[in-house]
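Dear colleague,

Please find the structure below, handed over for your reference.

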Amino acid sequence: MTGPADAASSPIAACGGGSYHVIGHHDLGKIATVYLLYNGRTDCVVTWKKRAYVGKRTKMLASIAKNTGTTKHYNFKYTNNYGTYGTYAGPVKVTAPHTCIDWGGGTGPGWKVWYSGPSHCG
């Protein structure tokens, strides 16, 4: 599931608010941070720009997939939100109870991308 980016006030709000809480994050240098959120059932990823870069439109990516048990992540069916945004990319969501997920994101300029590998299993 992908949604319109740049319409929320925080990563939690972007995922739908309510019971979502941050369970992981990865810094993409000085420009953005990739957040993994969870609400007890669904995982959600948002790549959020840091304050100094908000409003400066750049390419951004938020990505998530169920981990199929293989080490070849390119075989996974990723849900992606990719585009040129001023605040964030995402949300992208997957319901994966008792299953590992892979999650990540990216931002430019200079395109910096990161993926987690199998995580948050169970």
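**The open sheet**

Four strands, in the order β5-β4-β7-β8, make up an open sheet with antiparallel pairing. Strands here are DSSP runs of E with at least two residues, helices are runs of H or I with at least four, and both are numbered from the N terminus; two strands pair if DSSP finds at least two bridges between them. The edges are taken by β5 (79–85) and β8 (112–115), each with a single partner strand, so one side of each has no neighbour in the sheet. On average, neighbouring strands of this sheet are turned by 5° against each other, direction ignored; the axes are lines fitted to C-alpha atoms (for helices over the stretch in contact), with angles from 0 to 180 degrees between N-to-C directions. Within the sheet, β4 pairs with β7 (residues 101–107) in the antiparallel sense over seven bridges. Leu 61 has Gly 106 in β7 as its bridge partner.

Please note that this is a predicted model, in which local features need pLDDT of at least 70 and side-chain atom pairs count only at pLDDT 80 or more, while totals for chains, interfaces and linings use all residues. Residues are numbered from 1 along each chain as its sequence is written, and side-chain values use heavy atoms, leaving out hydrogens and water.

Six bridges join β1 and β2 in the antiparallel sense, and His 21 has Tyr 38 in β2 as its bridge partner. The hairpin of these two strands has four residues between them, with Gly 29 at a positive phi near 80°. Strand β2 also runs antiparallel to β3, over seven bridges, with Leu 36 opposite Val 45 in β3. Three residues separate β2 and β3 in their hairpin, where Gly 40 in the turn has a positive phi of about 95°. Five of the seven residues of β2 are buried, so the strand is largely enclosed by the rest of the structure. Buried means under 20% relative accessible area and exposed over 50%, with partly exposed in between (1.4 Å probe, protein chains only).

**Nonpolar cores**

A nonpolar core is a set of buried Ala, Val, Leu, Ile, Met, Phe, Trp, Tyr and Cys residues joined through side-chain atoms within 4.5 Å. The largest has 17 residues, and Leu 36, Val 45, Ile 64, Ile 101 and Trp 103 have the most contacts inside it. Two or more residues of this core come from each of β2 (32–38), β4, β6 (88–95) and β7. Another core, of eight residues, lies apart from it and includes Ala 14, Leu 37, Trp 48 and Tyr 88. Beyond its neighbours within four places in sequence, Val 45 is in contact (heavy atoms within 4.5 Å) with residues including Leu 36, Ile 64 and Trp 103.

Ile 12 lies in helix α1 (residues 11–15) and is partly exposed at 34% relative accessibility.

The structure holds one salt bridge, defined as a side-chain nitrogen of Lys or Arg within 4 Å of a carboxyl oxygen of Asp or Glu. Asp 27 and Lys 50 form this contact through their side chains (2.3 Å, N to O). Asp 27 lies in β1 (residues 21–27) and Lys 50 in the loop between β3 (42–49) and β4 (58–66), so the pair ties together parts that are 23 residues apart in sequence. Asp 27 is partly exposed at 38% relative accessibility, and Lys 50 is also partly exposed, at 27%.

With kind regards
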